[in-house]
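Colleague: I'm new to this one. Could you walk me through a few spots?

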Amino acid sequence: MSDSLGAPSRGAPSRTPSYAMTRRSFLKGLIASGALATLPCGLLTPRSASAAPFNKADFQIFRNACPRNCYDTCSIVTYVKDGVVRFVEGAPESTFTAGGLCVKGYAYPRRVYSPDRIKYPMVQDGRGSGNWRRVSWDEAMERIARKLLEIKEKDGNLLGLALTKYSGNFGITNYGVEGMMSSLGYTTRLVGTPCWPAGIDAQNYDLGDMWCNDPEDMEKSRYVIIWGANPAWCSVHSMKYVYAARDRGAKIVVIDPVLTQTAAKGDVAWQPETGSDGALALGMARHVLDLGLVDRDFVANNAVGFEEFAAYLRNNVTVDWAAEKSGIPADEIRRVAEEFATAKPATIWIGYGMQRHVNGGAAVRAIDALVAMTGNVGKVGGGARYGHLQTWGFNYHAMIQKAPAGSTGFVGKAGPKGEFDVTAGAAAAAAYTDRALNINKTAQELLDAQNPPVRVLWSSCKNPFAQDFDRNKLEKAFNKLEMVVSVEQFFTETVRHSDIVLPVTTLFEEWTVNASYWHYWVSLNEQAIAPLHEAKSNIEIAALLSKHMNRLSPGSCTYPQDIDTKEWMEKEFNKGVYELLGISHWQDLRKGPAKAKMPSSASWSDRKFKTPSGKYEFRSDLCASHGHKALPEYKEGRKAYAPYRLLTPHSKFAIHSQFANLDWMEEFQKEPFVYLNPALAKAKGIADLDTVRVFNPTGEVKLRAKITNTVPGDCLLVYEAWFRKLDFNVQNLVDDESADMGAYKTGAPGVAIHDQFADVARA
Amino acid sequence: MNHIFPTPGTPRDACLLRALRDLFSARGADGLRAASLALDACRTMFGCSRSTRGAPPCAPSGPLSGLDTIDTPDHWRTTEYAFNRLFVGPMAVPAPPYASAWLETEPRLMGEAAMDVRNLYHSLGYAVPDEGATPDDHLSFELDAALALLALREAANAAPPSSAPEPSPSTLATDTQEAWRWLVAEHMGAWVPRFVQHALAEPDVPPAIARALAMLLCWQEDAAAACSTASIEETITGMQGRQDA
């Protein structure tokens, strides 16, 4: 007789019920642990370790595209067997993706099939209580519809409904979320972008558009400056072009306050004072001017205002001054400036981190000027590279929806609702508009909004609690909200602060199409598998909301109620896209991604700029009319309000708050650390792996410290990421101070993410 | 030759399987309540086989044992919240009720284990609803399949014995027994105990869920042990048969 739970009855064979592993998984476990190599067998011989031969015919193959906010927007080839995604590869047809993904991309199957994935619509009884109930989709949407009709009744309009959405999913049909908002009426939108707005405005003032060369032509450059970008981590596919340029004799200069992995691969690594980039660029420009290395033809015939800029340089800028501001030795500045000006062609890759400062836009203008005056604009292998939207000319059918008849809304000037807002022109003409709040000041805006206040927040393709600034303020702001709906795949901090969560599809579970803001390839995204559990795509959710709105109040929502993601993907294509890609039909993309056919790999190769003057504007009156300087003058950085600089750049193992929660990524990144220079650590009596507090007026975090020489002596570095198991976020420390530019083209100024300061002490 | 496979306590097994299936597939408080009451009714009706053999009872002892005397909406609502925290979400769950989450070297859904049970369901002429979207290896589906196999075994044993001198290997009874043994002893045996242990180790597991988990483990272990007993007897009978022939 057995006398304890789980022990076998007497007489039973050795197959014990509590033996946890099957034969098959036992073997797998042994192989995985490497134990097989160490078994002491003397007579038995190892069976050959070759894997079963791979037979492509066993799999269904689909085309997908990584829809994350990443330069590389990889074209993916997906292998499905028995309706399950087995593994993914990079598409070989794209010369940019070149058959490989990145460490995060290869983890996609972990994401789709994670046991942690949100499966069903759920309701939280008491926000933040942790008490969740499962509801049907109909119940969830009815609940939301009733609330929307309630606030519409109360306020006479739907301005009490706000949308916060950004770059969580760049599949074009996901602009259907904005479309859903429009189809309900005039609503409140968190507009702008935390990412790159200052630089976008700057490039628009200088050149008339943000439009970079094909990154694949970087291999033809003779001098590459990577300024405030870290492609070794954040655009791994671009590195091959950097290496190719170097192989052909180009010099690679990397400018970053931190000795990043990219800097470690450069020929020259400059670690300037954070935020001094404008001064550094102007110092280099002054030296180029002094040496007479200006491209006279360009500045005379293709530009306006150069003489004024030159006068400004002579009167206000010296190399010694730039050296003092930046901490880079003067003779180094001179040397690199001269090398840059004499290499033909030369290029500067302007990173987004570089412009996340109160003087970010001004810095980009100064760097643009350096590239322009040396004659590198419009040159293959040259250019001031930042980004582009050339391949984004879809119909935005999902986004463009009409407000229901009789809708009222905001009365006032309407700007663009973001860099991807194709409706901007039409909005200007309407009697009513959406109410725009600055996404970069979400907390403050939610607190301040009146007439009506924001009552309902819809969050999709965004994780405000992980990504928005001043987390303590955001907590207060959320307390004002009557209902929070988040559309998500995993239990983020935002979901924790929501009333309703709706499970959304991954890229493998919907049809869409994807472009990149860096390279020029466009990829089809086929639906490879059925949506897992009860997940729906954003547009299917919109259709279901419409159904419930109209059932309760006919005519209250114009969004179509029958959605097929494949049809809606098809509707995005137009003649312009087909011509640009050189395809006759979207079906051609099933064979692989297609590259835009541009007259040259160089942007502005015809030197027809889109500025008011039609020329490159060293002096931009438009810029001045918007409250900035007409010339790319030096602008002071933010004054420190705590002893050390706080930098919160991107990790290789996450795209903001995505991927960090997957087990494969947690292998590399188990917990957050604050990285300190040995000198700073010594001054504070902090040893490696000590638990410390990092604190400033905005808030505080507690984490362990790592000592490293790669971080400057006056900096604290914490990678921004979301950790599944920890209650941690850098946003406790980052306030919502605005960058100088961004309002012109994206509706709101950017945010000075890297102009933050903090102190540190042993905990 | 008569090959009678022992099927002790089949009505009890069926009662348990049905109630456990319904409990682990419950969508809310009402479903949990109904299934939990049904589970208690099984115990009342059939007793606990372990207590009759002197083994520890199926339910945890102490204040959690016995039938649920609290039957208020509040109580079941609390149970529902805990159920979701343990098994459903939206937060990451400590005890995902899917075989693949426990049998793969790295926890995931739709692993080999899911394909295994899918094949089993197919051989029964069944499939999970929305196959491809629904993980086949959710506990409730596996329990449903066990219920089906139980019924098949009953039917097979009730049929008159074959008149052939030796049974062909593909009789329904043999296949059903083999399928049952694989599902209950080998497959569920490989993951259910760990699943139950992890779930019970969580703080604040409500009594209804704790009881259900204990009874699930109890049932699985007993059924697996019975399979072992059955196969011993089968081997002995088979050997005897060959000696006789």
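**A loop residue and its surroundings**

Modeller: Gln527(A) touches Glu509(A), Glu510(A), Trp511(A), Thr565(A) and Lys566(A), leaving aside residues up to four places away in sequence. Keep in mind that this is a predicted model.

Colleague: Where does Gln527(A) lie?

Modeller: In the loop between β19 and α20 of chain A.

Colleague: Why does Gln527(A) count as partly exposed?

Modeller: Because Gln527(A) has 19 C-beta neighbours inside 10 Å. Buried would take 20 or more.

Colleague: How far apart are the C-alpha atoms of Gln527(A) and Asp470(A)?

Modeller: They are separated by 38 Å. Along the chain, the two residues are 57 residues apart.

Colleague: On to the sheet. What is the strand order?

Modeller: β18-β19-β20 in chain A. The sheet is open, and the pairing is antiparallel.

Colleague: Which strands stand at the edges?

Modeller: β18 (512–514) and β20 (594–595) of chain A. Each has a single partner strand, so one side of each has no neighbour in the sheet.

Colleague: How many bridges join β19 to β20(A)?

Modeller: 2 bridges, with β19 covering residues 521–525 of chain A. In β20(A), Ala594(A) is the bridge partner of Val522(A).

Colleague: Now helices. At what angle do α4 and α20 of chain A pack?

Modeller: About 15 degrees, with axes 8 Å apart. That makes α4(A) roughly parallel to α20(A).

Colleague: Which residues of α4(A) and α20(A) make the contact?

Modeller: Among them are Gly176(A) and Met180(A) of α4(A), and Ala542(A) and Leu545(A) of α20(A). By class, the contact has 5 nonpolar, 5 polar and no charged residues.

Technical notes:
Residues are numbered from 1 along each chain as its sequence is written. Chains are lettered from A and ligands numbered from 1 in the order in which they are written. This is a predicted model: local features need pLDDT of at least 70, side-chain atom pairs count only at pLDDT 80 or more; totals for chains, interfaces and linings use all residues. Two strands pair if DSSP finds at least two bridges between them. Helices (H or I, at least four residues) and strands (E, at least two) are DSSP runs, numbered from the N terminus. Axes are lines fitted to C-alpha atoms, for helices over the stretch in contact, and angles run from 0 to 180 degrees between N-to-C directions. Angles under 35 degrees count as roughly parallel, over 145 as roughly antiparallel, 65 to 115 as roughly perpendicular and the rest as oblique. Two residues are in contact if their C-beta atoms, placed from the backbone, lie within 7 Å. Ala, Val, Leu, Ile, Met, Phe, Trp, Tyr, Cys and Pro count as nonpolar, Asp, Glu, Lys and Arg as charged, and the others, Gly among them, as polar. A residue is buried if 20 or more other C-beta atoms lie within 10 Å of its own, exposed if 12 or fewer, and partly exposed in between; C-beta atoms are placed from the backbone.
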